[in-house]
Amino acid sequence: KGLKGREHQRAPQIPSQFSPGERFAMKEALKGAIRIPTVSFSPENLNVTALAEFGEYLRTVFPTVFKTSFIQHEVIGEYSHLFTVRGSDPSLQPYMLMAHSDVVPTPEEGWEVPPFSGLERDGFIHGQGTLDNKNSLMAILQALELLLNRNYIPRRSFFIALGHDEEVSGHNGAQKISALLQTRGVKLAFIVDEGNFILDGFVSYLKKPFAMIAVSEKGLINLRLQVNMTPGHSSAPPKETSIGVLAAAVSRLEQTPMPNMFVSGPTKMTLQELAHEFPFPANIILSNLWLFGPLVSRFMERSYITNTLVRTTMALTMFNAGVKVNVIPPVAQAIINMRIHPAQTVQEVLDLVKNIVADSRVQFHVLNAFDPLPVSPSDHQALGYQLLRQTIQSIFPEVSTVVPGICIGNTDSRHYANLTTGIYRFNPLYLRPQSFRSIHGINEKISVQAYETQVKFIFEFIQNADADQEPAPHRHEL
Ligand SMILES: CC/C=C\C/C=C\C/C=C\C/C=C\C/C=C\C/C=C\CCC(=O)N[C@@H](Cc1ccccc1)C(=O)O
Ligand SMILES: [Zn+2]
Ligand SMILES: [Zn+2]
């Protein structure tokens, strides 16, 4: 099927060229979005004033989107937005573009410019949300606005789902949108959400950047460990305290990494498809993982970034104990945030954790958990994957390799697994290690040029999606 009927495909009809006025307006629109402090502190504590303002702001900067007759706009869960863009050909299965409007609370110290200033300096727009994820939200609506202003009418219907609580679960945004679409009997051809990037400088032997489309995402467990002991006077301490017992337990966990799952996960596929980009002899090693798999898996463990791709990780993120300097603490609690490798399940990981701790005084309480997401197809028939690949090659011709991989963080797209088997997590942006650290950190910023390119990418992607079948395979694959 992938090789037949290429005559039915349509290249973008409307060129992705924008006037100086349009380019100015698009960057100003993004700056305005950054200035609205839509911070999610917890599922119960969102800045709802800012979220409401953000909804109104979208109407002012994208008037055509809101007034077009074939676009239906609905507000879900009070602050999330669902746009239904009705295409002219109902025989084509719809797809969905996603993004979110909330941002994480920012560390106050260390910013070069204030995090909600949206200031432009040295060709960059600065602020919280410039990479995660107001850039995507604004770029999707911006691309649609520009297409509509050129009288574009899509063939294939699509949805735009913009969550407002992604950073704290997505339960009131994405999950409600998903439930609503399910009641409407919607089935999606594929979804594109935030996630991986065009990675540059993450692998020392790899000089050229490559695009990694996440076809799965890790599962998650937030696990509370608790030790209760009898309180008393600190002048006559017991042999062990709740703090000591808990500290020993979490130390054992930190010293005992979860098993390396390289041989059974999608990362093997990533490396096989990336092999030809490596110099000799790494290219030969990576092309023969049946033989060199164990060697490569150990090599991957050496960097904290590539380590995330081969195993379930655990991060001790909270530790609380003690009530007074001279009181033996009655309770000690720790929270461990675990990201589950696609080849494991919540239950398997919990069993391993309990075996490692091996102390009946430590109680376990799962705060929330979900299994890794299924692996979406990335073969020649996988429409969403192939459309992304085609658009990457058009917009970033210097990027020679597009590979499937896993997303190490979690995204709102997991709430839509009931509507499609094709979930792709990809941001059409270059990411270098320094910008990676800025996400959920400090000094998050996007270059004006990168943002324009993101708009251009979506502008072309929407048109490419009007094809009635997947694009022709890449030249290396013929
Ligand atoms: C061979 C390959 C070589 C190198 C590549 C190695 C690793 C990949 C490098 C970088 C990773 C690239 C992108 C990842 C960047 C961000 C993660 C993506 C999305 C995460 C979104 C997010 O932050 N979600 C939060 C929110 C959340 C909280 C609770 C429950 C669900 C979601 C999160 O995951 O904490
Ligand atoms: Zn995000
Ligand atoms: Zn985030």
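An oxygen atom of ligand 1 sits 3.3 Å from an N or O atom in the side chain of H440. The model is predicted. A nitrogen atom of ligand 1 is also placed 3.3 Å from a side-chain N or O atom of E166.

How much of ligand 1 does the protein bury? Taken alone, ligand 1 exposes 850 Å², and the protein buries 91% of that.

## The shell around ligand 1

The shell holds 21 residues. The closest are E166, I305, R339, N410 and H440. By class, 10 are nonpolar, six are polar and five are charged.

Which elements give two or more residues to this shell? They are strand 9 (191–199) and helix 10 (304–310). Strand 9 gives the most, with five residues.

Why does ligand 1 lie between domain 1 and domain 2? Both domains give residues to its shell, so ligand 1 lies between them. Domain 1 is built from two segments, 6–204 and 375–464. Domain 2 covers 216–370.

## The annotated region

An unreviewed UniProt entry places the feature "domain: Peptidase M20 dimerisation" at residues 216–359. Over residues 216–359 the chain is 41% helix and 24% strand. The C-alpha atoms at the ends of this stretch are 34 Å apart.

Methods:
Residues numbered from 1 in each chain as written. Chains lettered and ligands numbered in written order. Predicted model: local features only at pLDDT ≥ 70, side-chain atom pairs only at ≥ 80, totals over all residues. Heavy atoms only, no water. Near = heavy atom within 4 Å. Polar contact = N/O pair within 3.5 Å; in protein donor to acceptor, adjacent residues only side chain to side chain. Areas by Shrake-Rupley, 256 points an atom, 1.4 Å probe, with all protein chains shown as cover. Helix = DSSP H or I, 4+ residues; strand = E, 2+ residues; numbered from the N terminus. Nonpolar A, V, L, I, M, F, W, Y, C, P; charged D, E, K, R; others polar. Domains from an automatic or database assignment. UniProt positions renumbered as here; feature names shortened; annotations may be inferred.
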